[in-house]
Amino acid sequence: MPYITVVLNRKGGVGKSLIAVNLAAVYAEILDGEAAEAEGVAPSVAVVSIDPQATSVEHAEKVRQAGRPVPFRVVNASHTTDQLRRLRRAKADIIIVDTPGFMPLTSEDETDESLDPLGDGTTGDALRAILDVADDVIVPLEAEGSAFTPTRVTIERVLVPRQIPYGVVINNWDPRDGTADRDRTINLVKRRGWDRYNATVRHYKQHTRGITNGRLCTQYESNHASTKAKQDFVSLALEHQLRRQKYTEVR
Ligand SMILES: Nc1ncnc2c1ncn2[C@@H]1O[C@H](COP(=O)(O)OP(=O)(O)OP(=O)(O)O)[C@@H](O)[C@H]1O
Ligand SMILES: [Mg+2]
């Protein structure tokens, strides 16, 4: 049975698609190595996109167009909630699900507990269906503050009531900006009592460019910055697996 990890934050542009694709690339490298590139070998890893914008599907297409292999299966499932409900039967070890940012609430609606923050409509249905089968959730959060309220809704109104284990991952932090923003964000997360990954995904141009020039973090050119950029996803994968062990023991 596959382990299903959903990358979720109602705020757009926090790095959900980037994390989904590059975490999958690292897992594929670890689990399948060169075999992932061979014909006829079923990949251990899948990326499922329920985002109508399909950024992760496009990223994978760009990689193929650049003549490089995509070492995981890519499934565009933005219109098929039935397919999502059957995901547990899929042939894969790990499934990473990329989701869209979802419906903004007005500030009054934020506090109205009777409203489902996932909203109605196709996106809401797809999100509900995927959260029903999710083993855990990664919540990307940028260190600059504006994503804090949407993240609170994501965690406290969507994940905690469903008792889905989750961890906040600080993403897109540029060490050249100093540690103040990151430390402030870590403190906010601590004060709310949210679960947080120690692994941080730093800002690297390689990540932003990877989408346009068709590279996964396992395929960046070999130089110091690229190695560090990839390393963040390796650390994230390792911490994710340690959490998986812990979550599975609890169950
Ligand atoms: N760590 C990072 N380093 C460099 N660029 C980053 C990083 N994280 C995100 N970005 C860039 O920020 C932009 C938004 O990222 P991404 O598309 O992954 O966000 P998203 O949460 O999936 O957005 P949406 O809600 O619209 O689907 C992209 O151009 C991406 O390359
Ligand atoms: Mg996206």
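These questions and answers go through a predicted model, from its sheet to its ligand shell.

Colleague: Which residue of β3 is the bridge partner of V47?

Modeller: Strand β2 (residues 45-49) and β3 run parallel. They are joined by 4 bridges. V47 has its bridge partner in β3, and that partner is V74.

Colleague: How many residues of β4 are buried?

Modeller: β4 is mostly covered. I94, I96 and D98 point one way from the strand, and I95 and V97 point the other way. In a regular strand, side chains alternate between the two faces of the sheet. Residues on both sides of β4 are buried, and the count is 5 of 5.

Colleague: Which residue of β4 does Y3 stand opposite?

Modeller: β1 and β4 pair in the parallel sense. Their pairing runs over 5 bridges. Y3 stands opposite a residue in β4, namely I94.

Colleague: And which residue of β4 does V48 stand opposite?

Modeller: β2 is also joined to β4, and the two run parallel. There are 5 bridges between them. V48 stands opposite V97.

Colleague: How many of the 8 residues of β6 are buried?

Modeller: β6 pairs with strand β5 (residues 136-142) in the parallel sense over 6 bridges. V137 stands opposite Y166 there. β6 is largely enclosed by the rest of the structure, because its buried residues number 7.

Colleague: Which residue of β7 does N171 stand opposite?

Modeller: β6 and β7 also pair in the parallel sense. Their pairing has 2 bridges. N171 stands opposite V201.

Colleague: N172 has a positive phi. Is N172 buried or exposed?

Modeller: N172 lies in strand β6. Its phi is near 70°, in a residue other than glycine. Burial requires 20 or more other C-beta atoms within 10 Å. N172 has 20 of them, so it counts as buried.

Colleague: Q163 has a positive phi too. Is Q163 buried or exposed?

Modeller: Q163 lies in the loop between α6 and β6. Its phi is near 55°, and Q163 is not a glycine. Q163 has 6, so it is exposed.

Colleague: Which residue follows α7?

Modeller: Helix α7 (residues 180-192) has 13 residues, which should span 18 Å at 1.5 Å a residue. Its end C-alpha atoms are 19 Å apart, which agrees. After α7 comes a residue with positive phi, near 75°, and that residue is G193.

Colleague: Which elements do the buried residues of α5 pack against?

Modeller: Helix α5 (residues 122-133) has 12 residues. From first C-alpha to last it reaches 17 Å, close to the 16 Å expected. Its buried residues are A126, L127, A129, I130 and L131. They pack against β1 (3-7), α3 (81-85), β4 (94-98) and α6 (148-162).

Colleague: Which element gives the largest share of the largest nonpolar core?

Modeller: This core has 66 residues. L23, A24 and I130 touch the most other members. The largest share is 10 residues, and it comes from α1.

Colleague: Leaving aside neighbours within four places in sequence, which residues is A24 in contact with?

Modeller: A24 is one of the core residues that touch the most other members. Contact needs C-beta atoms within 7 Å. Beyond its sequence neighbours, A24 meets V45, V47, F72 and I96.

Colleague: Which elements give two or more residues to the shell around ligand 1?

Modeller: The shell has 20 residues. The closest are G12, K16, S17, L18 and G101. The elements giving two or more are α1 (16-32), β6 (166-173) and α8 (205-213).

Technical notes. Residues are numbered from 1 along each chain as its sequence is written. Chains are lettered from A and ligands numbered from 1 in the order in which they are written. This is a predicted model: local features need pLDDT of at least 70, side-chain atom pairs count only at pLDDT 80 or more; totals for chains, interfaces and linings use all residues. A residue is near a molecule or strand if its C-beta atom, placed from the backbone, lies within 6 Å of it. The expected span of a helix is 1.5 Å times one less than its number of residues. A residue is buried if 20 or more other C-beta atoms lie within 10 Å of its own, exposed if 12 or fewer, and partly exposed in between; C-beta atoms are placed from the backbone. Two residues are in contact if their C-beta atoms, placed from the backbone, lie within 7 Å. A nonpolar core is a set of buried Ala, Val, Leu, Ile, Met, Phe, Trp, Tyr and Cys residues joined through C-beta atoms within 7 Å. Two strands pair if DSSP finds at least two bridges between them.
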